[in-house]
Amino acid sequence: MAEYKISATLAEHEDDVRGVAFPSSKAVLSASRDGTVRLWKLLSENPPVFDGTISSHAGSWMNTVAYLRPSTDFPDGLIISSGKDVVIDVRQPTKAAEEDAEALLLGHSRDVCALDIDPEGKYIVSGSWDHDARVFPVGKWECSAVLRGHEGTVWAVLAYDQDTIVTGCADQKIRIFNKSGKLLQSFQASNSPVRALCRLPTGHPSGGDFASADNDGAIRLWKISGQQLGELRGHESFIYSLAALPSGELVSSGEDRTLRIWKGNQCIQTITHPAISVWAVAVCAENGDIMSGASDRIVRVFTRDPERYANAETTALFEDAVKASSIPQQTLDVNKENMPGPEFLTQKSGTKDGQIVTIRELDGSVTAHSWSSGQGEWTLVGTVVDAVGSSNKKTEYKGKEYDFVFDVDMEDGKPPLKLPYNVSQNPYDAATKFIQDNEAPITYLEQVANFIIQNTQGATIGQSQAQTGGSDPWGSENRYRPDQPSAPTVPAAPPKSLPQKEYLSILVARVPLIQKKIGELSQALVASGQKDLGLSPDEVSTLNSLCKNLDTSGATAKPQSVQGGLDLIIKLVTTWPYKDRMPGLDLLRLLIIAPDTAKFDHPGGNIVDLLIVGAVETDSPAENHVMMAIRAFANLFSSAEGRVLAIQEFEKIQDTVSTAIKSSTNRNLLVAATTVYINYAVLFLSDKDSASFEHVLAIVDTLSKILSSQADSEVVFRALVATGTILYLDDEIKSAAKEVYGVEKSISTALAKATDPRIKNAAREIRELLK
């Protein structure tokens with residue numbers, strides 16, 4: 001049987017892709033830590049091109065997504081998703097993200113991390129960090145049963161049939177319930193948390209009914225009675241996801257960068273990803289294609305059908321990304337004394353698919369190669385490096401050796417807690433275990449994970465160790481994102497006192513993927529009969545040059561040297577169909593830091609006018625379009641010419657920003673908005689003559705509302721910094737902030753929801769300032 005190869009790369013998410021579903025050969029679904037669920041529809045088949053739209057968005061990260069197949073009651077099916085905000089969103093695929101959901105399912109008190117639907121489409125079952133699973137009948141939408149008795153997170157749920165539910169738990173047990181919530185049996189399934197479950201196809205050679213996977217890296221095959229029939233070994237770390245192919249084969253993915261295909265008890269193909277965590281897999285029942293979601297924020301589709309193979313460019317990008325990965329030596333069994341040289345790769349064959357061998361190259365470097373049984377050869381999967389910060393010295397804790405053992409002060413007056421961490425671990429998983437072990441509030445997850453990332457100097461696969469100049473030092477882009485070379489990995493320390501004196505910009509971008517998306521959209525426009533809107537050969541050449549300039553030099557204050565480049569991007573932003581403007585807006589927010597862009601004159605107005613037209617030219621603007629325009633407004637402050645324009649067009653910018661955030665919970669949009677206000681505050685403080693009293697009060701009013709209504713730590717922190725900086729202007733502003741706009745009350749409201757020490761420190765400084 002043919003091997004799977006890359007079919008499509010879908011790259012619009014801004015954080016880890018944690019959940020995926022494959023409803024049909026024409027559409028796929030993905031859920032991400034960026035708070036969105038995206039529906040990707042197939043535009044063309046050879047090569048496959050998908051167009052992604054946001055199906056729903058939440059105030060916090062999303063963990064899981066499922067799809068209810070079409071029925072008489074729901075002819076288009078339903079998209080079901082959930083995550084940190086504990087609400088399960090049930091939505092028709094035809095509805096926009098801004099429209100009301102079909103239903104909101106309530107009951108869980110902590111993160112929902114698993115969803116499944118029974119084969120008949122009669123009920124939904126969910127699993128959560130609150131140690132419960134819940135059953136929701138389709139159409140009635142009220143919880144009909146709570147499956148209790150778990151002693152840890154319910155990581156996996158399987159709606160096995162119309163009356164039987166299987167759960168996999170962090171307490172290492174599998175439990176079988178009936179739909180009414182009665183526990184039928186419970187058995188020890190592993191020596192580590194059970195992370196994934198899937199139904200085995202009828203006639204599976206093992207004779208089993210379902211499979212489980214765990215943190216030991218094992219897949220186990222079971223009868224519904226609890227009898228174990230087999231065990232599959234091959235993964236070298238946690239397994240996060242399982243799915244069954246129409247052929248009867250199994251698909252798994254995990255923390256070892258791989259997706260694996262299993263036939264019987266043998267791994268017959270290993271697909272290495274350029275990311276630490278391959279969080280999720282799903283399969284298409286119609287054609288047997290596979291999709292994955294990973295920590296590099298990318299959704300990928302793989303196929304065995306040559307008709308659906310990706311084009312040469314997409315294939316090369318994927319293969320090159322894998323080869324360019326850097327692999328910490330702690331994740332491999334590296335024997336430097338007896339390591340073979342390059343000749344091994346041509347003289348010796350592997351013993352199993354996915355086997356890893358390390359090779360000492362002639363220049364002294366160490367590379368990792370994976371054995372492909374199908375191709376009968378070794379393939380390069382990365383370069384082995386010493387983990388940054390570890391110095392090969394281990395610290396022992398509870399009988400085990402770790403790269404780091406941190407002291408964490410969780411409560412005043414009590415001894416610090418120990419946080420052990422190896423650089424081969426996912427920071428979020430280490431933080432989750434620390435919180436669960438110490439029964440700490442789950443709201444500390446982001447803080448603990450970021451603490452790990454900062455104090456290990458970002459020692460993760462595929463990241464550059466150099467700080468990217470000009471990028472935002474406060475961490476909106478410092479989330480755990482492997483294989484993002486442009487992202488900073490050594491976060492600058494947060495400011496210790498007000499006022500803020502430096503302008504902030506948001507410049508992290510993956511230019512090749514933006515360029516690729518523009519090319520795909522252009523092809524789709526031409527195919528739909530809109531040839532005049534598609535890119536001409538000259539425009540393609542201009543785009544290539546511009547993107548090469550941005551990708552190699554970054555967004556810089558120097559004018560972009562590509563003739564016609566800015567005009568081309570303005571065309572994409574203002575004349576393309578509204579839904580297709582996102583990548584153009586993304587490039588424009590990079591170009592805007594150049595003085596020439598700030599001075600750009602166009603029949604449609606200046607650059608601020610063009611951004612507003614491009615992002616808000618509908619009655620119901622897309623939040624991500626507006627977010628990208630607001631990021632551009634923040635970057636406008638990078639040049640003196642841009643700052644002049646920001647003052648000149650304050651009313652337009654303020655109207656766009658304040659309208660967009662009025663009822664939004666989109667974290668990226670709110671972070672961009674508060675960054676704009678920080679930059680205005682820095683500008684007003686550095687040039688008090690430019691600070692119109694009315695403009696200052698408008699910002700104070702908006703910031704006060706943000707502090708009262710928002711809970712995200714980064715949004716609140718930036719709002720506090722902007723507020724504190726602007727209060728340094730004079731006593732009249734302080735008085736108005738206290739007596740008219742109720743800033744003190746707003747700060748108290750924000751503090752009541754805060755766990756981030758940065759927020760507490762900034763609030764304390766502002767209160768001192770207001771005395």
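1. Y680 and F684 are both buried, where buried means under 20% relative accessible area, exposed over 50% and partly exposed in between (1.4 Å probe, protein chains only). For Y680 the relative accessibility is 1%. The two rings have centres 5.7 Å apart and planes at 35°, so this pair is tilted. Rings of Phe, Tyr and Trp (its six-membered ring) pair if their centres lie within 6.5 Å; planes under 30 degrees apart are stacked, over 60 edge-to-face, and the rest tilted. Along helix α14, Y680 and F684 are four residues apart, about one turn.

2. A word on the model: it is predicted, so local features need pLDDT of at least 70 and side-chain atom pairs count only at pLDDT 80 or more, while totals for chains, interfaces and linings use all residues. Residues are numbered from 1 along each chain as its sequence is written, and side-chain values use heavy atoms, leaving out hydrogens and water.

3. The structure has 12 aromatic pairs. In one of them, F650 and Y680 have ring centres 5.0 Å apart and planes at 75°, so they meet edge-to-face. F650 belongs to helix α13 (residues 650-661) and Y680 to helix α14 (residues 667-686), so their pair ties together parts 30 residues apart in sequence. Helices here are DSSP runs (H or I, at least four residues), numbered from the N terminus. F650 is buried too, at 3% relative accessible area.

Methods:
Helix = DSSP H or I, 4+ residues; strand = E, 2+ residues; numbered from the N terminus.
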